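Dear colleague,

I am passing on a structure for you to look through, and my notes on one of its interfaces follow below.

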Number of protein chains: 4
Amino acid sequence: MPPREKLFPTTKVSAVNMDALAASAKEASKHAYCPYSKFRVGAAVYARKPNPEPPGTDAEAIFSGCNTENANYTLTLHAEHSAIAKAVELGYTDILAVVIYTPTETATAPCGSCRQVINEFGPRAVVVATCDAEGFSPRWNMSKLLPDAFGPHNLGKG
Amino acid sequence: MPPREKLFPTTKVSAVNMDALAASAKEASKHAYCPYSKFRVGAAVYARKPNPEPPGTDAEAIFSGCNTENANYTLTLHAEHSAIAKAVELGYTDILAVVIYTPTETATAPCGSCRQVINEFGPRAVVVATCDAEGFSPRWNMSKLLPDAFGPHNLGKG
Amino acid sequence: MPPREKLFPTTKVSAVNMDALAASAKEASKHAYCPYSKFRVGAAVYARKPNPEPPGTDAEAIFSGCNTENANYTLTLHAEHSAIAKAVELGYTDILAVVIYTPTETATAPCGSCRQVINEFGPRAVVVATCDAEGFSPRWNMSKLLPDAFGPHNLGKG
Amino acid sequence: MPPREKLFPTTKVSAVNMDALAASAKEASKHAYCPYSKFRVGAAVYARKPNPEPPGTDAEAIFSGCNTENANYTLTLHAEHSAIAKAVELGYTDILAVVIYTPTETATAPCGSCRQVINEFGPRAVVVATCDAEGFSPRWNMSKLLPDAFGPHNLGKG
């Protein structure tokens with residue numbers, strides 16, 4: 001397993017981009033499909049393309065997502081997962097930062113499944129939870145959210 | 001349960017759009033993240049916005065997706081699911097057609113989970129499976145793929 | 001892919017066993033953990049051990065399960081899935097019949113995900129849906145519930 | 001939200017029971033169905049019935065599980081999840097300890113999804129990872145494995 005430090009240098013996301021991520025997450029939440037839980041969530045990720053083509057072109061971008069539920073519950077897709085899938089589809093496979101938004105008075109930490117999804121593409125990502133209350137937005141490193149993570153290396157990959 | 005016929009009139013997707021869907025599904029498959037299964041999949045959906053704003057603006061669009069796997073396997077996201085999530089996020093909640101592409105010699109039908117996801121937003125959708133072999137592409141109505149479907153009405157919704 | 005007919009001869013489950021399956025499914029539903037959906041489900045499967053040891057010993061048994069939900073919704077485990085996992089753990093990997101019970105006035109068909117799970121171990125299984133109303137219990141063959149199923153053969157297995 | 005301390009007093013599992021859990025997890029792994037990942041896992045949980053009937057009867061028991069995969073990957077069921085579902089079905093809804101076994105040279109921590117499943121029934125559980133190497137078995141409290149967990153309280157339950 002290659003040292004993750006080589007693949008994922010410490011994430012640096014500017015304050016400007018953090019504001020853009022928060023706005024994008026909030027916007028995405030508007031179309032959340034949550035008739036069962038009534039729990040509306042939006043998310044945005046800041047992602048990097050490892051090999052931009054042609055070289056020198058823009059290599060970082062923001063992708064958003066909302067939760068999309070299903071009557072069988074198990075096929076509920078979380079906002080973070082949806083945003084990451086969009087990034088991967090376009091080749092932005094390094095997730096540097098994840099911002100979650102819920103229209104609540106307190107911020108919501110990502111569930112264990114989303115932590116696992118983030119770990120696959122951003123084991124050194126920063127995760128921030130925002131809500132409708134002013135003030136402090138909790139912020140975590142992935143090493144705190146999912147310590148001793150199960151990941152590609154457990155299957156001899158990555 | 002309201003009659004589905006009211007909500008979902010028989011899907012009509014032009015041959016032109018079917019070609020565009022097939023091309024979109026194939027393009028999406030290029031960035032499939034499938035280090036575990038090595039089974040690359042792309043998908044595209046033709047979706048409609050129930051209430052376009054402002055009224056009269058374009059109400060139909062194509063969304064694509066690829067499979068995105070995870071070391072824990074359970075968090076694998078399928079191409080069809082990813083494409084539908086993108087449509088829903090932008091308010092295109094009626095799925096009219098789904099096209100699947102696999103770079104194989106025979107076409108691949110959607111799994112039961114994807115049929116369940118399609119049913120939530122497109123119980124009358126047409127599903128087409130394409131691959132690298134020329135000729136016949138299997139085509140199904142959802143009523144054939146998932147008869148007597150479990151859906152929102154089982155939970156008193158929809 | 002070996003012919004499924006060899007592996008899965010037409011399921012024959014006696015009426016006596018069908019009654020036992022229905023009773024087992026109903027009993028299992030009592031402890032369903034469904035604080036989110038309030039939708040209580042029980043299931044029972046009739047399963048066979050391909051290679052009983054010592055040879056000649058009993059090779060068929062009934063396993064039950066209930067739905068177990070999770071606050072994140074996606075980790076909801078369905079009754080059918082739980083019952084099948086119990087059978088597999090003890091080596092009973094051929095699923096011959098599945099009976100579902102819901103404490104409702106109308107019977108509930110299995111969702112697409114459960115059809116996919118059943119297909120892995122019982123592509124020729126019989127599925128029956130029971131409820132609290134007297135009379136007809138819908139019954140399907142898997143070939144009707146999940147036609148053109150995606151399965152192990154798509155990945156070169158089975 | 002009631003204080004978790006009331007519901008889940010600090011887990012105390014005897015060394016004798018820990019040995020029994022480890023043996024049970026290893027036994028369960030024998031029938032793991034893992035043709036896709038080839039990654040065999042067994043698990044056992046020590047669980048308590050909140051309201052044993054009749055009062056005074058045995059209130060604690062061990063339940064085991066193995067991983068059960070599916071060709072569609074997403075319906076893979078993990079060993080921990082399967083064991084917990086068995087406990088819940090019989091009314092043992094308080095998970096006090098989880099032991100994982102993998103036939104590998106290094107121990108395997110639970111994935112994020114399993115941490116989320118454990119959190120629903122055992123937010124104060126102890127988790128131990130065992131393998132075929134002698135010596136140290138990693139041990140965590142859930143508060144370390146899934147800090148700031150998303151759980152029932154986020155949906156106004158629990």
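How many residues of chain D are in contact with chain A? Taking contact as heavy atoms within 4.5 Å, 19 residues of chain D touch 19 residues of chain A. Please bear in mind that this is a predicted model, in which local features need pLDDT of at least 70 and side-chain atom pairs count only at pLDDT 80 or more, while totals for chains, interfaces and linings use all residues. Residues are numbered from 1 along each chain as its sequence is written, chains are lettered from A in the order in which they are written, and side-chain values use heavy atoms, with hydrogens and water left out.

About 1,500 Å² is buried between chain D and chain A, with 57% given by carbon and sulfur atoms; buried area here is the accessible area (1.4 Å probe) that two parts lose on being put together, summed over both. On the side of chain D, the residues that lose the most area to chain A are P147(D), D148(D) and F150(D), together 27% of what that side buries.

As for polar interactions, nine residue pairs of chain D and chain A, both at pLDDT 80 or more, are in polar contact (a pair of N or O atoms within 3.5 Å, where within protein one must be able to donate a hydrogen and the other to accept it, and residues adjacent in sequence count only if both atoms are side-chain atoms).

With best regards
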